[in-house]
Amino acid sequence: FNSPVEDNVFVISADVKDVMLDEWVAFSDKYNSFDKSSRLTKQTASQGTPKNDEINFIYDIDIGTLSVKDKQFNDLGVMGERANGQWRSQFNHALAAGELTVYDDVSTPVNIALEYLHLTKKESKDEGVVLNDDPLANVDLSWLKPTTVSIKQLTYDKSDFGQWRLTLNPFSDGVSVNDIHATFSGMTLSGQEGGGAEFFWRTQSASNDGDVFSSSSETQFAGKLQGAGVQELFKIWGGEPVLTSKQTSITGDFSWLGSPAAFSIEAMRGSLAVQLSDGVFVQNTGAASSGILKLLGLFNFNTWARRLQLDFSDFYKKGVAYDTLNTRFLFDEGNIYFQQPLVVKAPSSEFTMAGTIDYLSEDIDAVLVTTLPVGGNLTFATALVAGLPTAVG
């Protein structure tokens with residue numbers, strides 16, 4: 001019905017049981033193509049600027065079930081307007097809430113501004129999204145359009161991942177995500193040398209007589225995470241910290257087979273540089289389950305000091321303190337090499353390690369050199385008699 005406030009505006013209020021978004025997108029693309037051709041014809045005929053006779057809308061719609069590809073979202077509210085060559089929609093759902101703006105000018109990227117986005121690993125009545133080992137393995141990227149995204153609050157499995165912004169640009173066989181900036185737990189994610197971080201997701205399909213029977217994909221990432229203590233990462237990843245720091249810098253340039261959701265240490269190929277300062281290797285008896293926590297757990301020098309079988313209780317009782325930790329790893333699908341030796345400098349000692357790591361079996365084939373504090377000739381002689389299996393200075 002016509003708006004009582006403004007001419008040429010229709011107000012729509014609806015309560016819809018089911019909406020299949022794919023069909024509406026296809027219809028919109030066809031309509032926009034026809035509408036553009038029609039407007040150009042009118043302009044040529046009149047040899048001037050066509051009259052602005054488009055019909056505008058104000059809408060408020062409650063949707064019982066929204067279907068997007070193979071996903072379904074229940075109890076979604078959408079309200080907005082169609083005016084000035086754009087659709088602006090505000091939506092509210094347990095998974096996400098925010099604003100979506102789509103422009104008639106296809107060269108202008110779609111804009112998504114989210115107040116929050118909640119993701120979880122497990123089925124939940126409240127959040128309604130399931131993330132499996134690789135939930136994006138068979139996803140169709142052909143429908144994607146250039147998009148800018150901002151998220152004020154991102155949570156994953158109830159861990160807070162802060163604020164994010166990025167741009168999404170599809171290409172023939174995948175999508176690139178550029179200008180990634182994020183802030184969470186005192187950390188910032190950005191590009192390696194300024195700008196934003198980026199990743200590329202390439203998909204390929206194999207066929208037999210024209211029938212697709214398998215597909216493969218690969219993801220590449222390059223970025224830098226820096227800021228507050230590394231122990232904050234343990235908190236959001238759900239593990240007890242094996243070390244702390246006041247300053248953290250982790251720079252990565254690596255890839256893995258699968259979609260962005262299929263990331264794992266076992267699948268990584270590429271380099272990772274780590275720089276930490278002013279921290280402690282804490283005493284931790286718990287075992288990390290997987291991922292980066294498990295990797296860092298292999299370098300608990302607090303445990304190694306105990307294995308020297310000497311009385312350094314004053315040295316590691318509360319954890320081994322260090323001033324700086326620096327290294328660069330090279331990952332190759334479960335095998336990890338020291339591109340640069342791991343060097344840990346403590347107030348009165350130093351650790352240096354070089355070699356290789358079999359991440360899957362947690363075996364380390366490396367040389368460890370330590371410089372430990374000594375309190376005089378008696379302490380030094382005792383160390384030699386005890387058969388200290390490292391260099392002592």
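How many helices and strands does the protein chain have? The protein chain has 6 helices and 20 strands, where helices (H or I, at least four residues) and strands (E, at least two) are DSSP runs numbered from the N terminus. This is a predicted model, in which local features need pLDDT of at least 70 and side-chain atom pairs count only at pLDDT 80 or more, while totals for chains, interfaces and linings use all residues. Residues are numbered from 1 along each chain as its sequence is written, and side-chain values use heavy atoms, with hydrogens and water left out.

**Surface and burial**

The accessible surface of the protein chain is about 23000 Å², and 52% of this belongs to carbon and sulfur atoms; areas come from the Shrake-Rupley method with a 1.4 Å probe, and for residues only the protein chains shown count as cover. Of the 393 residues in the protein chain, 35% are buried. Buried means under 20% relative accessible area, exposed over 50%, and partly exposed in between (1.4 Å probe, protein chains only).

L21, W24, V25 and F27 make a nonpolar surface patch of about 400 Å². Patches consist of residues with over 30% relative accessible area and no salt bridge, like charges being joined within 9 Å and nonpolar side chains (Val, Leu, Ile, Met, Phe, Trp, Tyr) within 5 Å. L21 lies in helix 1 (residues 21–46) and is partly exposed, at 33% relative accessible area.

**Core and contacts**

The largest nonpolar core has 62 residues, and those with the most contacts inside it are W164, I180, L189, L233, L243 and L325. Such a core is a set of buried Ala, Val, Leu, Ile, Met, Phe, Trp, Tyr and Cys residues joined through side-chain atoms within 4.5 Å. Leaving out residues up to four places away in sequence, L233 touches F184, M187, L225 and I250; contact means heavy atoms within 4.5 Å.

T251 belongs to strand 15 (residues 247–257) and counts as buried because its relative accessibility is 18%.

**Aromatic pairs**

There are 11 aromatic pairs in the structure. Rings of Phe, Tyr and Trp (its six-membered ring) pair if their centres lie within 6.5 Å; planes under 30 degrees apart count as stacked, over 60 as edge-to-face and the rest as tilted. W256 and F263 are edge-to-face because their planes stand at 75°, with ring centres 5.1 Å apart. W256 is buried at 6% relative accessibility, whereas F263 is partly exposed at 39%. F329 and F338 form a tilted pair, 5.5 Å centre to centre with 50° between the planes, and both are buried. One aromatic cluster is formed by F221, F254, W256 and F263.

**Salt bridges**

The count is 7 salt bridges, each a side-chain nitrogen of Lys or Arg within 4 Å of a carboxyl oxygen of Asp or Glu. The table includes three of them.

| Pair | N to O distance |
|---|---|
| R88 and E81 | 3.9 Å |
| E99 and R88 | 3.6 Å |
| K152 and E115 | 3.4 Å |

E81, R88 and E99 are linked in a network of salt bridges. K152 is exposed, at 53% relative accessible area, and E115 is partly exposed, at 43%.
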